[in-house]
Amino acid sequence: MIEGEAVASAEKPLMRVPLVLNKRNFSWVTERIAGVIEANAPRWWWVAFAITSMVAAFGLFCLGYQISTGVGTWGLNHPVGWAWDITNFVFWIGIGHAGTLISAILFLLRQKWRTSINRAAEAMTLFAVICAAIFPGVHVGRVWMAWYLAPLPNNYGIWPNFRSPLLWDVFAVSTYFSVSVLFWYTGLIPDLATLRDRAKTKIKKLLYGIFAVGWRGSNRNWRHYEMAYLLLAGLSTPLVLSVHSVVSFDFATSIIPTWHTTIFPPYFVAGAIFGGFAMVLTLLVPARAIYKLHDIITPQHVDKMAKIILLTGSIVTYAYAMEFFVAWYSGNQYEKFAFYNRIFGPYWWYWWVGMLFCNMLSPQLFWFKACRRNIYIVYFVCMCVNAGMWFERFIIIVGGLHRDFLPSSWGMFYPTWVDIWTFIGTLGIFTSLFLLFIRYLPMIAMSEVKIVLPEANPHHAWPGEHHPVAAGGKERN
Amino acid sequence: MSERADVVPVPEGEYFEGSRFAGLSFILALVGLAGLALSVVGAFVSPHQFSFSWLFAFAFYFTLLAGCFFWIIVHHVTDAEWSVVVRRQLENLAMLLPLMAVFFIPVLLFRHHLYEWTNIAPGHDPVLDSKRAYLNWDFFVVRSIFYFVFFTSAAFLFRRFSVQQDRDGNPAYTLKMRKLAFIALPLFGASLTFGAYDWLLGIDYHWFSTMWGVYIFAGAAGSSMSLLVLVITALRKAGYLQETVTVEHYHIMGKWMLSFTVFWAYIGFSQYMLIWYANMPEETEYFIRRNTESWNALSLFLVIGRFFVPFAILLLRGPKKKPHRLCLIAGWIVFMQLVDIYIVILPALHGAGVLVSVWDFMPLIGIGATLAFFYLRIVGKTSLFPVRDPRVLESLRTTN
């Protein structure tokens, strides 16, 4: 026989915790989230925005300088002809994946906890893709010729090379961006209508009204909305896989040791989701603290995101291990050397710190619930992953190039100040856009959070109550 | 949330009456014995062909059962609700993995036919010599023992905890199984990957692909979900699980079949495309053999049959919600898994083109019937679903 106490203690971890804590009702959700936008911008916002926009501006200056002077302003040289530019591109495009995973795949998997974080994650996706798109555009050198990458009809005599993975990149990234914008905007419509209805000035009413495209919250509106949302989720799901797979093809279709390996597509996708979730937490943990959103983004949400980081981090670790194993197993001396060089070569510390510590070891803390529930540890791991994923791309790209087949063609990469500040500039662009987003748009999908509240169920009643609380009911505490 | 809890009562356990199917059991035993006996004949008459045929049948069933094991782990680590009512059948199927250890013995005995590297003395092939630290017979056997010990003990424990919970309904078992699943997950990944390298990739010891483990996994997971659909439908046809497994569960299983159909295609395409594009002789040899002679037709059939056909059908909602239609597709996917494994193994033997031998069928029938026979013995021992699982009610009223 088992003691009743033991049963009770086992039941506790099995209980489903509500997605919104403290029995917050519809009205509270609207007030809290719309209130962020309707209140005046707090001082910290202005300070932060001033700093990030200045950094962004300097980044744009660097881009202008590079375009007007030439790619020689970067540290690229023989044999490393691709370095920070493509590292940054892959880094940013990877960040975006978490947003699409949360909004599309978790939607299809009926994971209701996504509602608290999907809006901000999707916005982050768009901003990350914007940052990413800068690099392939400018790294071609003559940026005014970048339109050659577009799939032009052959009668223009341009003949785009459809066999080039760089061309596939253009297709993949532009499709991804378009679908992500549509998906994000579709989800925003009911919330924009809420903001329109609450707007106190005419100009705000007009602007939110235009973007809410006449939403009235009618049954027919919702029916169309839900169908559109489902279809866009279905369309976005393969994009989560395809975009980073195509990015991985940039490397894997070549025959350069460490670049050409068949596991690259799923390995890159897992790495992208890994880095993306770390960035979602990096942004949302402070936002939650500043705007007191602990009842919506609960420990349960952080816990689940930490688990996804652990899962994807472990998949990435698996891929690293397979790369090493097969490099050895293949018996190919170039592969063997390249991987030996990765660990003990001149860029050794990038591997030891970036890949080993940040990407492989630090997420393993999330096996333990105590670590997933400790926000400082979660934040520490996220920072490790953010850095680690940048290092990983650098090692793959520069690590593959700096030791050519002939030792006479060996070299190193040294970034210039333009390299460094262009990257820091994109961090500025990213954070500036995110700050603008939390100022002007609801950072949490109000309508979707309301759907997962117990009150949304028509049969729901709190114990001891006879009447379910209707929308806009009084605050209860 | 709670409204249907009043409508759906806590179910009684359902028990499979083995006596009703004594005839079927007898036939299966007979067929199994006959198949295995004829396999022994094959081993003497045509040992080279037999060894490949046996490995083919072994790998087919092994991937199916390992896939079932994978779905048990997924159920526990994600704390899923919907799959509670079908989980017992996964546990029963995974309990057949210990039998696969027995069926692995011929692979060990016929190693000199299957694995060329076991015939080459050191000093003759520098590529092989460079990987002897991994590809040597002792280590091969140790690894294989490790895989089977892992699969057997974990499958046994999962089923044991689950059955114990049937008795007293203690939720502590759920937590135990979850812990076990977390431990089993990385070990499963390692075992399936290196099992795939050792047993399948080892046929051609020169060839390599980092994707190989993922490719074998993708086929295994999708086809085992299809196998689950077939098993559940067979039980329903026999009159069981009528109120327990609903059309909603079929819908979810259908969605998983769709996702893994796509995933298999994604992994298969990536592996093929990257090797085709880079065009390095040491890698292309694998696909050149499978893209020439009549193997090319079979490979194209695999691409169309394993991806395009089920993808087009499963994309629709209708077939996923109609158990009998879903069963047709599930059967098709399991058949395509057979074709997939065939294309992995047999070209090494018949490089000049597809040559189906009578000895291909004997192990397939022998092992299959024996597994089915033991399945019928296992399935009657416990309730057909985990009747006192803490999430069984949620599972019963799953909607999606």
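Residues are numbered from 1 along each chain as its sequence is written, and chains are lettered from A and ligands numbered from 1 in the order in which they are written. Because the model is predicted, local features need pLDDT of at least 70 and side-chain atom pairs count only at pLDDT 80 or more, while totals for chains, interfaces and linings use all residues; side-chain values use heavy atoms, with hydrogens and water left out.

The interface between the chains comes first. Chain A contributes 42 residues to the contact and chain B contributes 52 (contact means heavy atoms within 4.5 Å). The two chains bury about 4,000 Å² between them. Carbon and sulfur atoms account for 68% of this area. Buried area is the accessible area (1.4 Å probe) that two parts lose on being put together, summed over both. On the side of chain A, Leu14(A), Thr262(A) and Tyr329(A) lose the most area to chain B. Together they give 19% of what that side buries.

Polar pairing also links the chains. There are 15 residue pairs in polar contact between chain A and chain B, both residues at pLDDT 80 or more. A polar contact is a pair of N or O atoms within 3.5 Å; within protein, one must be able to donate a hydrogen and the other to accept it, and residues adjacent in sequence count only if both atoms are side-chain atoms. H10(A), spanning residues 299-329, supplies the largest share of the side of chain A that touches chain B, with 7 residues. Helices here are DSSP runs (H or I, at least four residues), numbered from the N terminus.

Side chains of opposite charge can pair when their charged atoms come close. The whole structure holds 22 salt bridges over all chains, and 2 of them lie between chain A and chain B. A salt bridge is a side-chain nitrogen of Lys or Arg within 4 Å of a carboxyl oxygen of Asp or Glu.

Within chain A, Arg114(A) and Glu448(A) form a salt bridge at 2.9 Å, N to O. These residues are 334 apart in the chain. Arg114(A) lies in the loop between helix H4 (84-108) and helix H5 (118-139), and Glu448(A) lies in helix H16. Arg114(A) is buried, with a relative accessible area of 3%. Glu448(A) is buried too, at 8%. Buried means under 20% relative accessible area, exposed over 50%, and partly exposed in between (1.4 Å probe, protein chains only). In chain B, Arg88(B) and Asp166(B) meet in a salt bridge at 2.8 Å, N to O. Both Arg88(B) and Asp166(B) are buried.

Chain B is divided into domain 1 (22-206 + 358-394) and domain 2 (210-356). These bounds come from an automatic or database domain assignment. The domain centres, taken over C-alpha atoms, are 18 Å apart. Domain 1 gives 36 residues to the contact and domain 2 gives 38. About 3,400 Å² is buried between the two domains, with 83% of it from carbon and sulfur atoms. In domain 1, Phe56(B), Trp71(B) and Trp82(B) lose the most area to domain 2. The count of salt bridges between these domains is 0, whereas 7 residue pairs are in polar contact.

Terms used. Helices (H or I, at least four residues) and strands (E, at least two) are DSSP runs, numbered from the N terminus.
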